[in-house]
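Please read them with the structure open.

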Amino acid sequence: MVVRKIRREKRTMRFLQPCRLLILGIWLLVLMVLGFTIQLMGTHCQKSPPQILIALRPLPSPSEQTCRPKSHIVFLKTHKTAGSTVLNMLHRYGDRNSLTFALPQKYQFYYPNLFKHQYVKGYYMKPTYDILCHHMRFNLPEVRKLMPADSFYFTILRDPATLAESSFSYYRSVSSAFKKAPNFTEFIAHPSHYYKPGEKGNQHARNFQWFDLGLNPDTPFNESVAKAGVGGIERTFHLVLLSEYFDESMVLLKEELCWDLDDVVTFKLNTREASTPLEKREVERLRAWNALDWYLYVHFNRTFWEKVERFGRERMDTEVRRLRERRQELAEICLEGSNPVRADQIREEGIRPYQFGKLKILGWVVKRDLEPDTRARCVQMVTPELRYKDILDEKQFPGADIAGSDLSQQGSQ
Ligand SMILES: *[C@@H]1O[C@H](CO)[C@@H](O)[C@H](O)[C@H]1NC(C)=O
Ligand SMILES: *[C@@H]1O[C@H](CO)[C@@H](O)[C@H](O)[C@H]1NC(C)=O
Ligand SMILES: *[C@@H]1O[C@H](CO)[C@@H](O)[C@H](O)[C@H]1NC(C)=O
């Protein structure tokens, strides 16, 4: 019995072996066909990546599912601090969610004057707004007249040394102190020789951030003055971001606002062509010259990292990685090339960056052959702030005579 059983099994196996080979062959064939199809689809998708944008939308993280997205926002856009990139994010979010913006008549709220609620376009028609984010010299009591009590206040700071260099290049022609100096090296060597308080455009030349925050940049530095300034800012702003740690800043902001990852993904806007790095001694001089701003920066750099600590270092690393991967994905979907280009290489008028002074402000080229919805989203991500402000203006005041092409007076800064 046993012998026969074994023999039978042997026979079955002999029968099975060629059969197995056949199955294996069929499988191989199926796999090859599959592989080929995927490749074909791959090349097809490159031509029209419409669904990718939506399909790639990452799953919300747990915190996003349990909190409620904030939509009452005050952003103090300081100058030369990557504020334009933050502004793009706010413009997009407000645009998509039909939020109302407190808009300036033109492009800024009569800067460098202190903000007044009457500077907001159509303020008499509307008691409150959702978002206030365009250039102003901050003035809390006036801001409060327009913004809901539960508004989230945030701003962004930068090391005053690199900020000063950027400011010098950008505002060379408008600041009296910068105009008088033959070059930046000279200005750094003897700033007080060129700088007179109150002369035209000099808010750009000393304690620029202190000024934008509504404080007096010419107060002689002492610890108690600096502390009082910092205290006021801490009581007003829920979050102070740092340009040097932009991605970490976006993660903290996303968490506080309870927004999705895609809401805080941006491409760098309003950048200029590379400049030469500062020497160590120049950095020290600039920080000393801008002592109030430096005090501010050191303080908020410390509290920033305390926040990161509370958020969790590892969690921060993971979130920053997610953000960068997503930025990379969207860049591959949306953009021609991986670097911003000069304005003259951007044919599309609506996304060409505004040029100011002698600097070359760079922008992005959006791929042409995209499915309309995808392309619209891509274009939004690279629309310069002045243009986007016009779009929002047209949406809120349809048919009204908007500032339009009169960009010469109040530029993007
Ligand atoms: C800056 O100007 C000073 C005074 O005119 C001149 O001596 C110096 O060579 C200039 N430096 C640079 C880097 O151009
Ligand atoms: C600091 O400066 C302010 C304003 O200039 C002045 O009123 C105050 O007395 C100074 N405090 C100290 C401790 O020097
Ligand atoms: C900001 O804080 C970080 C972390 O403590 C530190 O590494 C960095 O040197 C600080 N930056 C400045 C400009 O002080």
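**Notes on the predicted model**

1. Proline 112 sits in the loop that runs between helix H4 (83-96) and strand E2 (131-132). The peptide bond joining tyrosine 111 to proline 112 is cis, with omega about 5 degrees. Most peptide bonds are trans. The model is a predicted one, and the cis bond should be read as part of that prediction.

2. Asparagine 207 is in the loop between H9 and helix H10 (208-212). Its phi is positive, about 45 degrees, although asparagine 207 is not a glycine. Is this residue buried or exposed? With a relative accessibility of 2%, asparagine 207 counts as buried, because the cut-off for buried is under 20% relative accessible area.

3. Cysteine 258 also has a positive phi, about 60 degrees, without being a glycine. Cysteine 258 is located in the loop between helix H12 (246-257) and H13. Its relative accessibility is 6%, and cysteine 258 therefore counts as buried. As background to both points, most residues other than glycine have a negative phi.

4. Helix H13 covers residues 280-289, and its buried residues are Glu282, Val283, Leu286 and Trp289. Viewed down the axis of H13, these buried residues fall within an arc of 130 degrees, so they line one face of the helix. An α-helix has 3.6 residues a turn, so residues three or four places apart point the same way. Lys280, Arg281 and Ala288 are exposed on the other side of H13.

5. Which helices are included in what covers the buried residues of H13? Among them are helix H6 (160-171), helix H8 (184-189), helix H9 (191-194) and helix H14 (291-311).

6. Ligand 1 has Pro182, Asn183, Thr185 and Glu186 around it. Taken alone, ligand 1 exposes 370 Å², and the protein buries 31% of that area. By class, its shell consists of one nonpolar, two polar and one charged residues. A polar side-chain atom of asparagine 183 is 2.4 Å from an oxygen atom of ligand 1.

7. Glycine 337 belongs to the loop between helix H15 (313-334) and strand E5 (341-342). The relative accessible area of glycine 337 is 53%, which means that it is exposed, the cut-off being over 50%. Glycine 337 and lysine 367 are 30 residues apart in sequence, and their C-alpha atoms are 9.3 Å apart in space.

Terms used. Residues are numbered from 1 along each chain as its sequence is written. Chains are lettered from A and ligands numbered from 1 in the order in which they are written. This is a predicted model: local features need pLDDT of at least 70, side-chain atom pairs count only at pLDDT 80 or more; totals for chains, interfaces and linings use all residues. Side-chain values use heavy atoms; hydrogens and water are left out. A residue is near a molecule or strand if one of its heavy atoms lies within 4 Å of it. A polar contact is a pair of N or O atoms within 3.5 Å; within protein, one must be able to donate a hydrogen and the other to accept it, and residues adjacent in sequence count only if both atoms are side-chain atoms. Accessible areas come from the Shrake-Rupley method with a 1.4 Å probe; for residues, only the protein chains shown count as cover. Ala, Val, Leu, Ile, Met, Phe, Trp, Tyr, Cys and Pro count as nonpolar, Asp, Glu, Lys and Arg as charged, and the others, Gly among them, as polar. Buried means under 20% relative accessible area, exposed over 50%, partly exposed in between (1.4 Å probe, protein chains only). Helices (H or I, at least four residues) and strands (E, at least two) are DSSP runs, numbered from the N terminus. The arc is that of the directions from the helix axis to the C-beta atoms. Contact means heavy atoms within 4.5 Å.
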